Amino acid sequence: MRIDLASAPGDPERPNEDWVSAALPACGGGVVVALDGVTPPRGEDGCVHGVPWFVARLGGRLTELSGSRRDMSLDRILAESVRATADAHRGTCDLSHVRTPQATVVVVRWDGAFVEHLVLSDSVLLLQAPAGEVSAVLDDRLDRVPREVLRSVAATDALRNAEGGFFTAAADPAVAARAVTGRTPRERVRAVAALTDGASRWTDTFGEGDWQECMGVLRKEGAQGLIGRVRAVESDPARPPGRYKRHDDASAVYAEL
């Protein structure tokens, strides 16, 4: 088994709001978690702790439960992790604020029988079959929102964690029911990768290669190699910036099972 992970801030002067982890429980199998914290406009989120605090606690709880509670499904684990994280700052912060700290989520868990997955919002999960084919597991609800809508803070807030909009892990455990989940027989998966949108933009924004080629970069050059390629494209003045900004926090986890 090989696991490789890397994370880099979009701006060295600002904290990285991504969070990634991998675990190999004593009971066997493994777990990968990737979170992309949502940066609030002008820092307004009703929380005294901030997004890095939030993703560290949510990610830690997700990793712990995914590795130790095989009897719990990943959506139940997400619900419990959101609840526990909310309880940790309910007394000091306004969790009803529409921009209360929140994050996209990818969780992958495997054992000898199955590979389970959960994806919420616009981070990406890649599954590679033994013959090399790569399939992407996506929650595309944010992509369905027109670009012009997302340019307005008020319009985006109206669609955040709302029917007809898009969903992220924030303070309401019920959001776990909105996640894209599934499982694949273990013998049909050779490798997995979890990418925040700062890393997946190599494919889905800049079109430098398809998902299979992206997986090939991860296998040959590692997670840091993919992030380095993204930074090189972003730094090309002839290229337009990404969907919202030229540089974004970028994280990737690659695991050969």
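**Close-up views of a predicted model**

**View 1. Strands S5 and S8 in an open antiparallel sheet.** S5 and S8 pair in the antiparallel sense over six bridges, and Glu116 stands opposite Arg183 in S8. The model shown here and in the other views is a predicted one. The sheet to which this pair belongs is open and is formed by five strands in the order S2-S3-S4-S5-S8, with antiparallel pairing. At its edges stand strand S2 (18–23) and S8, each of which pairs on one side only, and the twist from one strand to the next averages 5°. Helix H2, made up of residues 74–89, packs on this sheet and touches strand S4 (103–110), S5 and S8, while its direction makes about 45° with that of S5.

**View 2. The open sheet S1-S10-S9-S6-S7.** Five strands form this open sheet, in the order S1-S10-S9-S6-S7, and the pairing is antiparallel. Strand S1 (2–8) and strand S7 (134–137) stand at the edges with a single partner strand each, so one side of each has no neighbour in the sheet. Direction ignored, neighbouring strands of this sheet are turned by 10° against each other on average. Helix H5 (residues 197–204) packs on the sheet, where it touches S6, strand S9 (191–195) and strand S10 (250–256), and the direction of H5 makes about 80° with that of S10. Helix H6 (residues 211–234) also packs on the sheet, touching S1, S6, S7, S9 and S10, and its direction makes about 35° with that of S1.

View 3. Strand S6, residues 124–128, pairs with S7 in the antiparallel sense over four bridges. Within this pair, Leu126 stands opposite Ala136 in S7, and Gln128 stands opposite Val134 in S7. The hairpin has five residues between the strands, and in it Gly132 takes a positive phi near 110°.

**View 4. Helix H5 and the elements that cover it.** Seven of the eight residues of H5 are buried, so this helix is largely enclosed by the rest of the structure. The buried residues are Asp197, Gly198, Ala199, Ser200, Arg201, Trp202 and Thr203. Their cover includes strand S3 (30–37), S6, S9, H6 and S10; of these elements, S6, S9 and S10 are also the strands that H5 touches as it packs on its sheet.

**View 5. The surroundings of Val32.** Val32 lies in strand S3 and is buried, with a relative accessible area of 2%. Leaving aside neighbours within four places in sequence, Val32 is in contact with Ser21, Ala22, Val106, Val107, Val108, Trp110, Ala194, Val253 and Ala255. One of these contacts, Val253, is 221 residues away from Val32 along the chain, yet the C-alpha atoms of the two residues are separated by 7.3 Å.

**View 6. Two loop residues with positive phi.** Ser121 has a positive phi of about 75° although it is not a glycine, and its place is in the loop between strand S5 (114–120) and S6. Asn161, likewise a residue other than glycine, has a positive phi near 50° and is found in the loop between helix H4 (153–159) and strand S8 (180–185). As to accessibility, Ser121 is buried, with a relative accessible area of 3%, whereas Asn161 is partly exposed, with a relative accessible area of 31%.

**View 7. The second largest pocket.** About 220 Å³ of space lies in this second largest pocket. Its lining consists of 15 residues, of which Asn161, Thr168, Ala170, Asp172 and Val175 lie nearest the centre of the pocket. By class, the lining has seven nonpolar, four polar and four charged residues.

**View 8. The largest cavity.** The structure holds one cavity of 30 Å³ or more, and about 30 Å³ of space lies in this largest cavity. The cavity is lined by Val38, Thr39, Pro40, Pro41, Arg99, Thr100, Gln102 and Arg160. By class, three nonpolar, three polar and two charged residues make up the lining.

How values were computed: Residues numbered from 1 in each chain as written. Predicted model: local features only at pLDDT ≥ 70, side-chain atom pairs only at ≥ 80, totals over all residues. Heavy atoms only, no water. Pairing = 2+ DSSP bridges. Axes fitted to C-alpha atoms, helices over the stretch in contact; angles between N-to-C directions. Contact = heavy atoms within 4.5 Å. 1 Å grid on protein atoms, 1.4 Å probe; cavity = no way out; pocket = protein on both sides within 12 Å on 5 of 7 lines; lining within 4 Å. Points joined across faces, edges and corners; volume = space filled by probe spheres on them. Nonpolar A, V, L, I, M, F, W, Y, C, P; charged D, E, K, R; others polar. Buried < 20%, exposed > 50% of the residue type's maximum accessible area, 1.4 Å probe, protein only.
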